[in-house]
Amino acid sequence: HYFDTTQFIISPIPYPRCDVFINYRGVDTRGSIAGLLYDHFARIGLRPFLDSANMKPGDKLFGEIEESIRSCKVGIAVFSPRYCRSYFCLHELALMVENKKKIIPIFVDVRPSELHVELNRNCPEKEMERFNWALGEAKYTVGLTFDSSNGDWSELLRKASTAVIDNLVAGEAVEMPGN
């Protein structure tokens, strides 16, 4: 029997690039919390985005990151002592807030009250206002705290994955017709 495949047109089903976008300061947390979160989320069947894991040479830095933020369902902001010194961290955070993403903050070795935008004078005032607004939105959101010197790493992963999954499930319930 001959099966004619020309009659079928395969159209891709659109789906989010990622379920959870991980926003972090690389020098502080790439080799620890950010990487562990990425690996843990992937192992439990989620589609996480971590720039160092998902991007390859030749990818447009802002384009890939911005598309991943727009398509994600939940964002994790890993706040660390030097987080606010990074234009890129604050830009990503502002994009998550502007795109009305549910953000789960994780405060690593820093209290929310210690977080302040610390950019140099080369940053336009409008960007500084945008960053301050986004930081205020995120740091006054209930999150997780973690002390990297004596915290329980497996407990942090459990709490973070529970928070992400709870928010994904809540988001699906809101999007369902008839609710």
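Which residues form a nonpolar patch on the surface? Ile44, Ile165 and Val169 do, with about 240 Å² of accessible area together. A patch takes residues with over 30% relative accessible area and no salt bridge, nonpolar side chains (Val, Leu, Ile, Met, Phe, Trp, Tyr) being joined within 5 Å and like charges within 9 Å. A salt bridge is a Lys or Arg side-chain nitrogen within 4 Å of an Asp or Glu carboxyl oxygen. Areas are Shrake-Rupley, with a 1.4 Å probe, and for residues only the protein chains shown count as cover.

A word on the model. It is predicted: local features need pLDDT of at least 70, side-chain atom pairs need 80 or more, and totals for chains, interfaces and linings use all residues. Numbering starts from 1 along each chain as its sequence is written, and side-chain values use heavy atoms, without hydrogens or water.

Back to Val169. It sits in helix α6, residues 153-175. Helices (H or I, at least four residues) and strands (E, at least two) are DSSP runs, numbered from the N terminus. Val169 is exposed, at 54% relative accessible area. Exposed means over 50%, buried under 20%, partly exposed in between (1.4 Å probe, protein chains only).

Now the sheet. Five strands form an open sheet, β2-β1-β3-β4-β5, with parallel pairing. Its edge strands, β2 (48-49) and β5 (144-146), each pair on one side only. Pairing takes at least two DSSP bridges. Three bridges join β4 to β5. Ile106 has Leu144 in β5 as its bridge partner.

Last, two loops. Lys100, between α4 (87-98) and β4 (102-108), has a positive phi near 55 degrees. Asp109, between β4 and α5 (125-139), has phi near 60 degrees, also positive.
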